[in-house]
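This briefing covers a single residue, a pair of packed helices and the surroundings of a ligand. Please read it alongside the structure shown below.

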Amino acid sequence: IERIGVYTSGGDAPGMNACLRAVVRTALANDLDVMGIRRGYEGMIEGDFVEMDRRSVSNIVQTGGTVLKSARSPAFMNPEGRARAMRMLKEYKVDALVAIGGDGTMRGANILHDEHDIPVVGCPGTIDNDLYGTDTTIGYDTALNTAIENIDRVRDTADAHNRLFLIEVMGRDAGFIALNCGIGGGAEMVLIPETITEMEVVKERLLSLMSAQRRSTIVIVAEGDELGGARGIEKALLDDSDFNDIDLRSTILGHIQRGGSPTASDRVLASRLGVGAVESLLDGHSEVMVGLVNSEVKLTPLRNVWGRKKSIDYDLLKLTQILS
Ligand code: ADP
C-alpha cells in the first residue's frame, strides 16, 4: 500500500473529524500518502479528491460535522456507479480505503471490495450506535449527551406546568439513544422500535402516572417507534377523552442531536479507531471494521457489521420501569 483514500459517508456524526485526523496522521507517520475523498461515495464517483497533509487536519479534533463533507449516493447503489468509482480510485492511484460511516457505508465498502478487490477497513461513525462489532459508535455519546441536556430543559418547563411531555429522539431502527437518554434523563416511559407496545397499554400507564400526582411526566419516543413517533402518540392521546384534562405537549429534538463538539469519550474512541484502521490495513487486513469491544480494538468482518443486528440491553428497559 502506498496511498490510502479516506471518506466520511451517510449520516454525519460528531467525532468523524477526530477519526479522519487520526487516519491521516497515522498514515503519514507510516509514510503513506493520503487522499481525502469528499462527499462519500458521490465524490468517489466524481473524482472529488483532495490530498491530505498534517495541516489539513489541524484543529478539527474538537469540531462536529465532517470537513470532508458527507453525502448519500444513489449512483453507488448500482454496479456501474461502483465501476466508475473504482476507475477514479485507480486514476488517483488510491490502493486502499478507510470508510467512516454507518451500516450503509459499511455495506457499500463491502460490495466495492467484493467487486473490485480493493482493500478496505471501516470505522463506525453514526449517532445511532446500531453497528454490530463495537460497543459504541463514534458520535453516539455526543448525541446522547445532547439529548439528555435537552430533556433536562424540557423537564424544567414540564415541571412548572404539571405537563405530560412526549419527546422524540433520533433512532429510526434502533432505540439506543432513546433507552439511554430515558434513563439518564429520568423519563417515566421509553418507547423504542425494538419492542412493540400497544397504544392502550401506553394510555393506561400514562393515566396511572398522571393520577399519582406527578409533577411532570416525560415519555421518550424513538423516531422509529411503531406508534408513529411523538406526533403520532400525541394525536392518539388528544383523540381520547380520558386525556381531556391532561396538559399534553410533544417536541421533536431532531437534528440538534447530530451537531456540536464531540465529547471526550467520542474523541478518544474516534482517535483509537482511526489509528486502528490504518494499522489494520498495514497488517494486511481488509473487509473488516475496527470497533471497540470491552475497551479493546477489535476487527469484525464487514459482512457481519451490516448483516447482524446489534441488540439493545433489555435489562435497561426494565430499569426504566423500576425507576419511574
Ligand atoms: P449510513 O452509512 O449512515 O448508514 P446510508 O445508509 O445512507 O448511511 O449509506 C450511505 C451510502 O452508502 C449510500 O448513500 C450508498 O451510496 C451506500 N450504500 C448503502 N447501502 C448500499 C448497498 N446496499 N450497496 C451499495 N452501496 C450502498
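Ala85 sits in helix H3, which spans residues 79-91. The model is predicted. Ala85 counts as buried because 25 C-beta neighbours lie inside 10 Å, where 20 or more are needed.

**Ala85 and its contacts**

- Leaving aside residues up to four places away in sequence, Ala85 touches Tyr41, Met44, Ile45, Phe76 and Leu112.
- Arg55 is 30 residues from Ala85 in sequence, and the two C-alpha atoms are 27 Å apart in space.

**Packing of H5 and H6**

- Two packed helices are described by the angle between their axes and the distance between those axes.
- For helix H5 (residues 140-161) and helix H6 (residues 176-184), the angle is about 45° and the axes are 9 Å apart.
- On the H5 side, the contact is made by Tyr140, Ala143, Leu144, Ala147, Ile148 and Ile151.
- On the H6 side, the residues that meet them are Phe176, Ile177, Asn180, Cys181 and Gly184.
- By class, the residues of this contact between H5 and H6 comprise nine nonpolar and two polar, with no charged residue.
- An α-helix has 3.6 residues a turn, so residues three or four places apart point the same way.

**Burial of H6**

- H6 is largely enclosed by the rest of the structure, because seven of its nine residues are buried.
- The buried residues of H6 are Phe176, Ile177, Ala178, Leu179, Asn180, Cys181 and Gly182.
- Among the elements that cover these buried residues are H5 and helix H11 (314-323).
- The cover also includes three strands: E6 (164-169), E7 (189-191) and E8 (217-222).
- Just after H6, Gly186 adopts a positive phi of about 65°.

**Surroundings of the ligand**

- There are 17 residues around the ligand, and those that come nearest are Gly10, Gly102, Gly104, Thr105 and Gly108.
- Helix H4 (residues 103-116) gives the most to this shell, contributing six residues.
- The shell around the ligand divides by class into ten polar, four nonpolar and three charged residues.

Definitions and conventions
Residues are numbered from 1 along each chain as its sequence is written. This is a predicted model: local features need pLDDT of at least 70, side-chain atom pairs count only at pLDDT 80 or more; totals for chains, interfaces and linings use all residues. A residue is near a molecule or strand if its C-beta atom, placed from the backbone, lies within 6 Å of it. Helices (H or I, at least four residues) and strands (E, at least two) are DSSP runs, numbered from the N terminus. Ala, Val, Leu, Ile, Met, Phe, Trp, Tyr, Cys and Pro count as nonpolar, Asp, Glu, Lys and Arg as charged, and the others, Gly among them, as polar. Axes are lines fitted to C-alpha atoms, for helices over the stretch in contact, and angles run from 0 to 180 degrees between N-to-C directions. Two residues are in contact if their C-beta atoms, placed from the backbone, lie within 7 Å. A residue is buried if 20 or more other C-beta atoms lie within 10 Å of its own, exposed if 12 or fewer, and partly exposed in between; C-beta atoms are placed from the backbone.
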